Each structure stands twice: as C-alpha cells, then as structure tokens.
Amino acid sequence: QVQLVESGGGLVQSGGSLRLSCAASGINLDVYVMSWYRQAPGKQRELVATLTRSGSAGYAGSVKGRFTISRDNAKNTVYLQMNSLKPDDTAVYYCNANRKLPGWTMDYWGQGTQVTVSS
C-alpha cells in the first residue's frame, strides 16, 4: 500500500519559516517526479514546486526565491523549506508523487498539512 504522509505544518508569523516533510512508504521516491501543491480556502489547488528524477527543481513565481524543494533518497522523504512566509502562503499543502510509464501513470497524494501564516 502506497502512503505519502506530510508533516511540519503549523502556525507561523509573517516572515517566519517552516519545513514540510513528505515521507513515503510503498514506493521509492527517487523514480518519481515529486511536487508540492497547495490549496487555499475558496481557491483551486496550485502547483508550488516540482523536483524531477534528475534533481531539477521548478517553482511557482509566487514562491521562487523563498521556497526550496529537496529530496533525501535514503529517508525516502521530500521536503519543502519555506522561508519569508507571507499570509498569502496560508493553505493546505499536499505532496504528490507522479510517474509516467508507457500506457499508464502512477499518481499518489498525501492527506495534506495546514500552513497558516499570521500577519
């Protein structure tokens, strides 16, 4: 059974930092494209950061320079370091693992972790 378990969310003041973790079981994250998404109340889920199998990272414009996605293959865990947090970063953050093979796609989601940034 595949599980992605996020942790590290919480309440932080504007300008503060948090590090989110996404621990996987049942799959090896090093063969997946790993992403963090977020969804604020009343808004659509949006892509925040992506890390390819080769280690290339991409970020949404709103978080570029403030957030860093990384992976520890030994721990089978992906992280999202979030610095200089703003109230607009308040959302539920979700971890996603995606792998495309000929004819099918494997796609897994975590349950989400709440991040609240106070002004």
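**Entry 1: the charged pairs**

I started at Glu-46, which is partly exposed at a relative accessible area of 34%. For my own reference, buried is under 20% relative accessible area, exposed is over 50%, and partly exposed is in between, with a 1.4 Å probe and protein chains only. This is a predicted model, where local features need pLDDT of at least 70 and side-chain atom pairs count only at pLDDT 80 or more, while totals for chains, interfaces and linings use all residues. Residues are numbered from 1 along each chain as its sequence is written, and side-chain values use heavy atoms, with hydrogens and water left out.

Which residue does Glu-46 form a salt bridge with? I found Arg-38, with the closest N and O atoms 2.6 Å apart. The cut-off I used for a salt bridge is a side-chain nitrogen of Lys or Arg within 4 Å of a carboxyl oxygen of Asp or Glu. Arg-38 is buried, with a relative accessible area of 6%.

Arg-38 also forms a salt bridge with Asp-89, and here the closest N and O atoms are 2.9 Å apart. Arg-38 sits in strand S4 and Asp-89 in the loop between S8 and S9, so this pair ties together parts 51 residues apart in sequence. Strands here are DSSP runs of E, at least two residues long, and helices are runs of H or I of at least four, numbered from the N terminus.

I checked Asp-89 next: it counts as buried, at 2% relative accessibility. Asp-89 forms another salt bridge, with Arg-66, the closest N and O atoms being 2.8 Å apart. Arg-66 is in the loop between strand S6 (57-59) and S7, and Asp-89 in the loop between S8 and S9, so the pair ties together parts 23 residues apart in sequence. Arg-66 counts as buried too, at 10% relative accessibility. Through shared partners, the salt bridges join Arg-38, Glu-46, Arg-66 and Asp-89 into one network. I counted 3 salt bridges in the structure.

Glu-6 lies in strand S1 (residues 3-7).

I then looked at what the side chain of Glu-6 does reach. Leaving aside neighbours within four places in sequence, Glu-6 is in contact (heavy atoms within 4.5 Å) with residues including Cys-22, Trp-36, Tyr-93, Cys-95 and Thr-113.

**Entry 2: the core**

Which residues touch the most other members of the largest nonpolar core? I noted Trp-36, Leu-80, Met-82 and Tyr-93, out of 30 residues. Strands S3 (18-25), S4 (33-39), S5 (46-51), S7 (67-72), S8 (77-82), S9 (91-101) and S11 (113-118) each give two or more residues to this core. A nonpolar core here is a set of buried Ala, Val, Leu, Ile, Met, Phe, Trp, Tyr and Cys residues joined through side-chain atoms within 4.5 Å.

I followed Tyr-93 a bit further. Not counting residues up to four places away in sequence, Tyr-93 touches Glu-6, Trp-36, Arg-38, Leu-80 and Met-82, among others.

**Entry 3: the whole chain**

I logged 0 helices and 11 strands for the protein. The radius of gyration is 14 Å, close to the 14 Å the globule rule gives for 119 residues, so the protein is as compact as a globular protein of that length. That radius is taken over C-alpha atoms, and the rule is 2.2 Å times the number of residues to the power 0.38. The C-alpha atoms fill a box of roughly 45 × 25 × 25 Å along the principal axes. Of the 119 residues, 40% count as buried. Among contacts with a separation of 6 or more, 55% come from residues 24 or more positions apart.

Most residues other than glycine have a negative phi. Asn-76 is not a glycine, yet has a positive phi of about 55 degrees. Asn-76 is in the loop between S7 and S8 and is buried, with a relative accessible area of 15%. Ser-84 has a positive phi as well, near 50 degrees. I placed Ser-84 in the loop between S8 and S9, where Ser-84 is partly exposed at 40% relative accessible area.
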